[in-house]
Amino acid sequence: MRVSSPRVSSSRVFSRRSFVAHAAGVAAGLAMFAAAAPAAAQAYPSRPVTLIVPWGAGGGTDATARIIASLLEKELGQPFTVVNRTGGNGVVGHSAIAAAPPDGYTIGMATVEIGMMHWQGLTQLTSTSYTPIGLANLDPAGIQVRADAPYKTVAELLAAIKASPGKLKASGTGQGGIWHLAIAGLLRDQKIDPAAVPWVPSNGAAPGLQDVVAGGVDIAPVSLPEARSLIDAGKVKSLAIMSDKPSALYPNVPTLKAAIGSDWSMAAWRGIVAPKGLPADVRDKLAGALKKVVASKEYTDFMASRGFGVIYAGPDEFAAYMAKSDAELGATMKAVGIVK
């Protein structure tokens, strides 16, 4: 007696084959996804990047941002578009950077004012509101007076301030601005009441310097690049620089350390930041490109032609620098009485 084998329907055979094919397709898809994920991460940037500048077109911050943007384009192969977002003494632009999606497609140029605005009650933003990418520029304050002023050294100027508190006036920015804090901090460091040099607010270094030339004020504690044209024209002279290193622009101008033994320093700085929460791989890609840009001949030549200082600090060092700057600015602003 012959036993027949059980018959398998064609529909069951089709079902099994479909399942196997589907499973194989899923596995292949997962494998392709896994292989593509690292490639996608390395593809940044895959579209244009916006670089927000919190200050107006034509100024030093704008010029620095635009040369950096043009060189980042070459390094990363995508357009970097500079957008000026002005207003609120820097609050508007810095807020726009912080509020952008943390995907690397909106970054910005933060300036020293980010360590000042929150002390004045203008915003709650601080340096910790961002992902630091890198420090790219540093311009220390100088101490400029008229070329025919009787003070040949900063020591002589300080002696005159002590002898006649309130007589000599200074200008170069708004009340509580970076250059106001520069001279106030120096006076505090030298155990002189910051109020001994009344501050005359101005719309910036240029009008403050012109007021020095005209005799309306006596001191403009602004950066040497800002005073360059008047120094070269022989209308003002610089007595010292508030830095631990001499200026490359005017190496014969003494540091405060060399002139009076003071460690006080104050500088305007600019650096690239991104919104908080930027992925580490995107941060590293931007930081690596920025490091190359700052070291490039195109950048150093551009900055030297304008007298701007060149410096580089990576993400971690830049974060520490901003925190230190914030603390020092806050202490000085408290001493001057402009903290809210």
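The backbone oxygen of Ser296 lies 3.0 Å from a polar atom of the Thr300 side chain, and that of Lys297 lies 3.2 Å from a polar atom of this side chain. Each is a polar contact (a pair of N or O atoms within 3.5 Å; within protein, one must be able to donate a hydrogen and the other to accept it, and residues adjacent in sequence count only if both atoms are side-chain atoms). The model is predicted: local features need pLDDT of at least 70, side-chain atom pairs count only at pLDDT 80 or more, and totals for chains, interfaces and linings use all residues. Residues are numbered from 1 along each chain as its sequence is written, and side-chain values use heavy atoms, with hydrogens and water left out.

**Thr300 and helix α10**

- Thr300 lies in helix α10; helices (H or I, at least four residues) and strands (E, at least two) are DSSP runs, numbered from the N terminus.
- Thr300 counts as partly exposed because its relative accessibility is 27%, where buried means under 20% relative accessible area, exposed over 50% and partly exposed in between (1.4 Å probe, protein chains only).
- Leaving aside neighbours within four places in sequence, Thr300 is in contact (heavy atoms within 4.5 Å) with Val294 and Val310.
- The C-alpha atoms of Thr300 and Ile311 are separated by 9.7 Å, the two residues being 11 apart along the chain.

**Strand β3**

- Strand β1 (residues 49-53) runs parallel to β3 and is joined to it by 3 bridges; two strands pair if DSSP finds at least two bridges between them.
- Ile52 stands opposite Gly108 in β3.
- Strand β7 (residues 267-275) pairs with β3 in the antiparallel sense over 4 bridges, and Gly271 in β7 stands opposite Ala110.

**Helix α7**

- Helix α7 (residues 224-232) has Leu224, Pro225, Ala227, Leu230 and Ile231 as its buried residues.
- These buried residues pack against β4 (130-140), β5 (142-146), α6 (205-214), β6 (236-241) and α10 (297-306).
- Gly234, with a positive phi near 75°, follows α7.

**Thr332 and helix α11**

- Thr332 is found in helix α11 (residues 315-336) and is buried, with a relative accessible area of 1%.
- Not counting residues up to four places away in sequence, Thr332 touches Leu181, Ala184, Gly185, Arg188 and Trp264.
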